[in-house]
Amino acid sequence: MKKISLFLFILLFTLVSCSSLKISGTNEPSDEEINAEALKAYTDVKSKSKFSTNKEWNELVQRVVKRIALASGENFQWEAVVIESPEVNAWCMPGGKIAVYTGIMPVLKTEAALAAVLGHEVAHATLRHGKQRYARAMKENIIGMVVGGAVIAGGQFLCKTETCKKLSALGGVATGFAVTFFDRKFSRGDESAADKQGQLYMAKAGYDPSEAPRLWDRMNANHSGKAPPEFMSTHPSDENRKAALNEWMPEAYQLYSQAPHKYGLGVNIN
Ligand SMILES: [Zn+2]
């Protein structure tokens, strides 16, 4: 009897915590809804992170974010932090909440390469790639939690995925967002679209777009044997990626030629 009550409690809690987002039907969450969840997750990440005290890197990131944000024309509440971590990583949550990890800085080598990475990450946010991924993941998680709850009722906890376990344990939508954001990969199509849009953003922001394919070369050389960072994941072959970037180059150079300020490769990053 006690176990059945627990199952009902979990089921109810799941439905209540998920009902604030329109994910039970076919609707994707609205910008406002997903941005609010992203903000909670971002606040959470910040509270658990150590920020870099490297003045040069902080200024560099703020400057490049500002230019990419302007180039995107998106009216987000932009915010960026530099997190002290050996991870070669950077990301932009829906709504323009950005983090750059110090581990990526030496690999970048140039300010333009930082613009390429941020252009790519910001493009995921402006193209709303997180929405479908989030809606899909939350639906799967609801199923996972109900199954998990049923299993608890049966006396065993058999949640298959870490995501399911975390969500079953915590039940919060913000946690759901964070798990979704960090665990899930974008599709190849989304990666390709972010590559293109990102290259156009960097060019529009005044950075030489030819640095993008060179950066991916450096990244490839760097990540061998390690888990690839977000912008290296789910991609078609490196050769295809470079070919695509070169194919879009004329369009990018046209934007670059019209940019009010040209920074070329910008400063070197050491
Ligand atoms: Zn990406």
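## Basis of the description

Residues are numbered from 1 along each chain as its sequence is written, and side-chain values use heavy atoms, with hydrogens and water left out. Because the model is predicted, local features need pLDDT of at least 70 and side-chain atom pairs count only at pLDDT 80 or more, while totals for chains, interfaces and linings use all residues.

## Overall architecture

The protein chain has 11 helices and three strands; helices (H or I, at least four residues) and strands (E, at least two) are DSSP runs, numbered from the N terminus. Read from the N terminus, the order of elements is α-α-α-β-β-β-α-α-α-α-α-α-α-α.

Of the 270 residues in the protein chain, 50% are buried. Buried denotes under 20% relative accessible area, exposed over 50%, and partly exposed in between (1.4 Å probe, protein chains only). Among contacts (heavy atoms within 4.5 Å) between residues at least 6 apart in sequence, 75% join residues at least 24 apart.

## Salt bridges

Side chains of opposite charge can pair when their charged atoms come close. The whole structure contains 14 salt bridges, each defined by a side-chain nitrogen of Lys or Arg within 4 Å of a carboxyl oxygen of Asp or Glu. One of them joins Arg128 and Asp31, at 2.7 Å from N to O. Arg128 lies in the loop between helix 5 (111–126) and helix 6 (129–153), and Asp31 in helix 2 (residues 31–47), so this pair ties together parts that are 97 residues apart in sequence. Arg128 is partly exposed at 24% relative accessibility, and Asp31 is partly exposed at 23%.

A salt bridge also links Arg63 and Glu111, with an N to O distance of 2.9 Å. Arg63 belongs to helix 3 (residues 55–72) and Glu111 to helix 5, so the pair connects parts 48 residues apart in sequence. Arg63 is partly exposed at 29% relative accessibility, whereas Glu111 is buried at 2%. Salt bridges with shared partners join Asp31, Glu74 and Arg128 into one network. In a further salt bridge, the closest N and O atoms of Asp44 and Lys48 are 3.0 Å apart; Asp44 is partly exposed at 35%, and Lys48 is exposed at 64%.

## Packing of helix 5 and helix 9

Helix 5 and helix 9 (residues 188–204) pack at about 125 degrees, with their axes 7 Å apart. Axes are lines fitted to C-alpha atoms, for helices over the stretch in contact, and angles run from 0 to 180 degrees between N-to-C directions. The two helices are therefore oblique to each other, given that angles under 35 degrees count as roughly parallel, over 145 as roughly antiparallel, 65 to 115 as roughly perpendicular and the rest as oblique.

Residues of helix 5 in this contact include Ala112, Gly119 and His120, and those of helix 9 include Asp190, Ala194 and Tyr201.

## Ala80 in strand 1

Ala80 lies in strand 1 (residues 79–83) and is buried, with a relative accessible area of 10%. Leaving aside neighbours within four places in sequence, Ala80 contacts Tyr42, Val61, Gln62, Val65 and Ile98. The C-alpha atoms of Ala80 and Trp91, which are 11 residues apart along the chain, are separated by 9.7 Å.
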